[in-house]
Each structure stands twice: as C-alpha cells, then as structure tokens.
Amino acid sequence: MDHEADAYRTDLMTITRYVLNEQSRNPEARGDLTILLSHIVLGCKFVASAVNKAGLAKLIGLAGETNVQASAHWHISAIFLLCEIEIRSSVEYCVCFDPLDGSSNIDCGVSIGTIFGIYMIKDKENVTLEDVLQPGKSMVAAGYCMYGSSCTLVLSTGNGVNGFTLDPSLGEFILTHPDIKIPKKGKIYSVNEGNAKNWDEPTAKFVEKCKFPKDGSSPKSLRYIGSMVADVHRTLLYGGVFLYPADKKSPNGKLRYTYAYSQHLTLLMKLCVLYEVFPMSFLMEQAGGQSFTGKERALDLVPTKIHERSPIFLGSYEDVEEIKGLYAAQAK
C-alpha cells in the first residue's frame, strides 16, 4: 500500500463508507447496526494500538502477555458499553466477541485477533439469555480483526465477505480484499497433528489422504499457526481446510461457540463472547465455503448453555464435502 499516495486520494473505500453504502441498500434501516459496527472498528483500532505497544515494550523488556490481554479486554468492553448508550436504551443487537484470540502467541510475534458476531435481539423490551443462545445462522453480521504485519479487518453483513486493511497514515481501514471468495478446493490443510493419536476414524482418514493421496495428485501442505484468526484468514484467501476435530480427550471438541455474557445494569445489553465456531462459519459460508461439525452444518447448532464447545471443519467447499462423506460412510 502506497501510504503517501493514498493520503491524497478521495476515492478510497473506507470501512465507514462501505457500511454506510450497505445501510443505504436497506431502506428500513435506522442506522443502529452502522453505529455498532463503527464502534467495533474503533475498538479494533484500540486493540491494534495495544498490541503494537506490547510488542515494543517486550522488545525493551517492560511488558508481556498479561498487560496486552487486560488492555484488549478493557478497550473492547468500554467501546461496547459506550455503544449501548449511543444506540438507545431499548437495544437492537446482541454483540458477542473474543477480544484477543491466540493471545498465547503474543510473545513470539504470531498474528492474533479479535473475533465478533452480532445477533438481533428477539424482544428489545425483554432481553434474556435466549438472545445469546441463538444458532449461528441467525447472525446478522460477523467478522474478525487480525493484528500482525498489517492490521486486517474481515467483515460480512450477510452480503459476501470483504477485507479492509488499516492504513496507519490515514487512521482508516481501507477496502483491500473486495468480495472474498474461497477457492472451491485447496492445497493446504491446517490441524494440530499433536492430537492425532486421539482422533476419530474420519478425521484420521482425511488427514492421511491429505498426506498420501492415492489418486496421483500432489499431497496437501500442512500449515498450522495455532491462532485461529491467522489460520482461518489464510484458509479464506488461499483455500483448503481448517480442522479442530473432536478426539478421545475432548469428545465435544475444544472450540467454543458460546463463552460468557455479562449484563449492563441500566441498559440490559448483553456483552457476550460468542466466538470461534459461529462467526468463522458465517464468514466461510458467505465466501462460498462450508463449515461442518462432524454431524451437521455448524450454523445450525443451537446452544443450550454458555460454555458449549464443538468440533469444527471449515474451508473450501469440496474439501469439507470430502470430510462430510467420510463421516457419512462411518455412520452407515
């Protein structure tokens, strides 16, 4: 990105301009979601700044992982509380977010991120826990912000997927990856093979086929970062499949689709962390891919409690279709 040249351009598609354009496509929209998304963007900018400062402090031996995690949680929570006040007391949306996914990778400089999902409140005059425990297919928007060599925010409001990169000289997220479409089939698989001895048969068969294909095709390359935002971002752009399957130790999987919620005493707005499975599945489907739990479409899951977990296979349509076939064969 040519920052100096961009500083004098007036035709840039900023994320604010993009969201306003999306609002104009819906005449009935009142702007609440636009305000909410603008606050999420602001929160991500705060976290990006905190992550950068933590990296600099680490370089001179002053700070570590704990400080940046605390900063990320504080900034995101404060931004959403502010958002509640600005929208109105009879809130329209439930926001679920993970302030800092992959935080254990801070010290080694690996990309980390914020993941979020947004639902409509069913009855804005009577907000209950049921507003959090909705299936992923009920989301109205989802996205993530990845903090690494660049700061990238990927967003879907149910009309495709777009990626925006933060230009530090402008302080704005600029559209750099319009209408992201995941390739139908990929050459990469992403999984923690350290858990291989505990995998079920379909997962083991799929990974074996990735490594030793019997049809004469080239093996898939293994790429696993251990930060879900980074692994999913690569999968979204290059294709392939990301797996976090169930195993003998964790038969219900390890990735959470409902984590926690808190209630603001005056406005009754729930701040919950509905992250990993649902937002990433929403984005993957919007980009033309699939997301599967080993039993069903991930977005069809209906959470029944806060701390639920789920296995997940998401990525290129044909790769996930192959995994579905292996599970169907086992069920016969």
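Predicted model: local features only at pLDDT ≥ 70, side-chain atom pairs only at ≥ 80, totals over all residues.
Residues are numbered from 1 along each chain as its sequence is written, and side-chain values use heavy atoms, with hydrogens and water left out.

The account begins with helix H2, residues 15-24, which contains Leu-20; helices (H or I, at least four residues) and strands (E, at least two) are DSSP runs numbered from the N terminus. Leu-20 counts as partly exposed because its relative accessibility is 45%, where buried means under 20% relative accessible area, exposed over 50%, and partly exposed in between (1.4 Å probe, protein chains only). Its C-alpha atom is separated by 9.7 Å from that of Ile-35, 15 residues apart along the chain.

Strand E1, residues 93-101, is mostly covered, with 9 of its 9 residues buried. E1 runs antiparallel to strand E2 (residues 112-120), to which 7 bridges join it; two strands pair if DSSP finds at least two bridges between them. Within this pair, Tyr-93 has Met-120 in E2 as its bridge partner.

Strand E4, residues 151-156, is likewise mostly covered, 6 of its 6 residues being buried. Cys-151, Leu-153 and Leu-155 are buried on one side, and Thr-152, Val-154 and Ser-156 are buried on the other. Strand E3 (residues 139-147) is joined to E4 by 6 antiparallel bridges and by a hairpin through 3 residues; Met-146 stands opposite Thr-152. E4 also pairs with strand E5 (residues 162-167) in the antiparallel sense, over 4 bridges, and Leu-153 has Phe-164 in E5 as its bridge partner. The hairpin of E4 and E5 has 5 residues between the strands, and Gly-158 takes a positive phi near 90 degrees there.

Further along, an open sheet of 5 strands with mixed pairing has the order E8-E7-E9-E15-E13. Strands E8 (221-222) and E13 (290-292) stand at the edges, each with a single partner strand, so one side of each is left without a neighbour in the sheet. Within the sheet, 4 bridges join E9 (residues 241-244) to E15 (residues 312-315), and the two run antiparallel; Tyr-244 has Ile-312 in E15 as its bridge partner.

Two helices lie across strands of this sheet. Helix H5 (residues 201-211) lies across E7 (188-190), E9 and E15, at about 145 degrees to E9. Helix H7 (residues 277-286) lies across E13 and E15, at about 30 degrees to E15. Contact means heavy atoms within 4.5 Å; axes are lines fitted to C-alpha atoms, for helices over the stretch in contact, and angles run from 0 to 180 degrees between N-to-C directions.
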